[in-house]
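Here are some notes for a colleague who is opening this structure without having seen it before.

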Amino acid sequence: MSKTTVGLVLVSHSRALAEATRKLATQMTGDAVIIECAAGVGEAGEELGTDAMAIVAALERAAGAQGAVVLMDLGSALLSAETALELVDASIAAKTRLSSGPFVEGAVAAAVRAAGGGSLDEVAAEARRGLVAKEEQLGEAAPAPVPVEKTAENETWEDAEIVDPHGLHARPAARIVSRASQFDAKITVENRTNGKGPRTTDSVIALAGLGARCGHVLRIAATGREAEAAVRALAALVREAGTKDAPPPQATAEATKGRGIPIAAGVAVGPCVRLQRATLRLSDHSVDDPAAELEKLTAALDRVEREIRSAFGRDDMATMHGALLRDPVILRTARELVTESRHNAAIAYHSGVNRAAEALASADDPYMRARVADLRDIELAVLRALGAAPAVALPEGPPAILLADELLPSEAARLDPARVLGVVDLRGGPTSHAAILLRGAGIPAVFGAAALLQDLPESPARLGLDGGTGEVWIDPAPAITAALERRRAEERAARLSAATFHGKVTIPSGPTVELWANAASPLEARAAKEAGAFGIGLLRTEMFFLDRSDAPGEDEQADLYAEVLAAFPGAPIVIRTLDAGGDKRLPWLHVPPEENPYLGLRGIRLSLDRPDLLETQLRAILRAGRGRDVRIMIPMVSTASEIEATKAILARAANALDAAGKPHLWPVPLGIMVEVPAAALLAERLTPHVDFFSIGTNDLTQYTLAAERGHPRLAALADAGHPAVLDLVGRVVKAGQAAGRAVSVCGEAAADPKLAATFVGLGITRLSMGPAAIARVRAALAEEATRPPETPKETGPAAARR
Ligand code: PEP
Ligand code: MG
């Protein structure tokens, strides 16, 4: 079988169905395509059901360099597959497509396309079209897609069909809002299937009103300078949505007596405490100074936005919560009420949320309706920031099992694992935001337990739960309590072995390798610490400021960096200066659109173009870094002059802090990312200018192979193991070793166990990766690094080392 073609994973409740489907497909393709089954539950898969961990394992086997397409039968197969995508390594998740195609026809069509060398997206498209032949034969074929056209009024439009089985739910809608804001164009979306709209693209709430379901056709229309680009980009987003989105929570559908939905692995047993929510009491006093009141509201919104970033990092959840927080439906109402009716900020925002919640609650899409809970959560946070709502009332007393009725994400983010042994929630599903946060925090949890607990006359005194199976015990018998406690102790012992890991793997008869973590939020910094990382090898600061409308100030940045440092006390932290540009467009930088953004004003080039912004960031880093081992790293370096220019600004920043009497870190090590082939080729000449090198294999690969990273058709070229890339890595290692400069690798390739071993073979002793990859790379290194690396035989320092 070949790992050079796209692989398939068949997820079915029935092992027999999956195996038979595989047989049908392999009749067409022989063993040209890897087709893995993740089907059935129980010891031998004999029971009907699906298991997210089995899907993770199947993906790991099926997704080679080209990725994998997953076909699912029905119901919870989809949920399990979505959960698996959250659990599997990010590099595999990025090249996995969940297909809404029909199970049998889709699998056969996809296998044939994969065997013919189809790309990941082509194979996924083929799976989706699995019913076309049948439809044509029965005269039910869908109309052909409509191309971009221009109307007489100079309007550009394109129709796009929604393939996401959950319709245009909140996350894709938020992505549309966020992407639309990047174009100089007036854009509207209309649902051509049910006639709703057109609606503007500045509001998730407005888009919810389109009632856009799977199979509906949306017309995206625009006028203005970038109309055509906007229409194409948004139509592509609509079509893409669902190929990688999480599904809507299924609430209690899976709950059965004695068993809820498994959410976060681990067992727990202990006293039961109900989550108490404080009641809101809003004062309706009016204000004399509406301008000051609006300023208060803006400050509260900024604060909540920072909280969201800190809780969710840079993922879609942050984008969606950020979009809801500042949704124009809410803000227009709130501002009007403050300026025209002199309402106070709290009551005005509350009224705006009420209006938005009404719109959401009447949406056709159940997932959109379910977002009302997120909206209320955000409202509470804003009211808290305005001093108008009490802090969340979390249980006091000894560690306990928390019994909640729809835990809010902000509550989940604040739970202290030392005090909350586990969570049983009456509602919720595996992909709810609270679930994702609980998994991240390692708190065992079962959701969807209403059938079990709702009708009890009073809360149980004690609860037991197994977050891996979904089992819940109400007032468990002493024997069960003892068994659960024993299992919990075993789990703790296993975790402790991770906790005693301090970031160094010594390879038998080889070097000692430090495993560092990449982070983009305080939450990830905490995860890095828990994973036993040596330190943070790459803090991606631009991720803190993706969705803002204005430049972050020095104080705000210093606070954020201090939060990261506090989350990982005592560890060395490498803070990278803003790496904006390319696919990371920060609207507040107002960079004019570029033909080739990856080759344009990116990374340090942009920072040097805006020296004031760079100086502000450097001052913030120096202030936050006082008394800590903080190192500064600059991205996208191509020449020594860029490093020297940065040093001059760094010195200016330190002088300014001295002049203002603000204590700060000094001196500070300054290193560079090696991402541009020129920097790798000239590494030897750059050594006098730097304290360390960190190789960003993501960009180094894209620039070396001239293949845009993330380009759906160029996945085969996104290969950091290509001899040309390894040759460049070898050169940097050699230059670093000769001059006594540390060299690390911090691109995604460091998280790939095989490539990590190859880098170690090339002389790398410092790897930085996503926290979740550390355990896996640690295990693989001990096993593999002693083997000779698969390096180019033909040229370069890699060859010279052997
Ligand atoms: C890289 O390019 O490898 C890297 C780590 O930087 P980023 O992915 O943030 O561009
Ligand atoms: Mg990079």
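**Notes on cavities and the ligand site**

1. The second largest cavity has a lining of 13 residues, and Gly537, Val574, Phe692, Ser744 and Arg766 are those nearest its centre. A cavity here is a set of points, on a 1 Å grid over the protein atoms alone, where a 1.4 Å probe fits but cannot get out, and a lining residue has an atom within 4 Å of a point. Two or more lining residues come from each of strands E21 (630-634), E23 (692-695), E24 (742-745) and E25 (766-769), where a strand is a DSSP run (E) of at least two residues and a helix one (H or I) of at least four.

2. The space in the second largest cavity is about 80 Å³, a volume being the space filled by probe spheres set on the points. Its lining comprises seven nonpolar, four polar and two charged residues, with Asp, Glu, Lys and Arg counted as charged and Gly among the polar ones.

3. As to provenance, this is a predicted model, in which local features need pLDDT of at least 70 and side-chain atom pairs count only at pLDDT 80 or more, while totals for chains, interfaces and linings use all residues. Residues are numbered from 1 along each chain as its sequence is written, chains are lettered from A and ligands numbered from 1 in the order in which they are written, and side-chain values use heavy atoms, with hydrogens and water left out.

4. Among the 15 residues that line the largest cavity, Leu578, Trp588, Leu613, Leu614 and Gln617 lie nearest its centre. Helices H23 (604-609) and H24 (611-624) each give two or more residues to this lining, and H24 provides the largest share, four residues. By class, nine of the lining residues of the largest cavity are nonpolar, five polar and one charged.

5. Ligand 1 has 15 residues around it, of which Arg540, Arg576, Gly696, Asn698 and Arg709 come nearest; a residue belongs to this shell if one of its heavy atoms lies within 4 Å. The shell holds eight charged, four polar and three nonpolar residues, and its largest share, three residues, comes from H28.

How values were computed
On a 1 Å grid over the protein atoms alone, a cavity is a set of points where a 1.4 Å probe fits but cannot get out, and a pocket is an open set with protein on both sides within 12 Å along at least five of seven lines; lining residues have an atom within 4 Å of a point.
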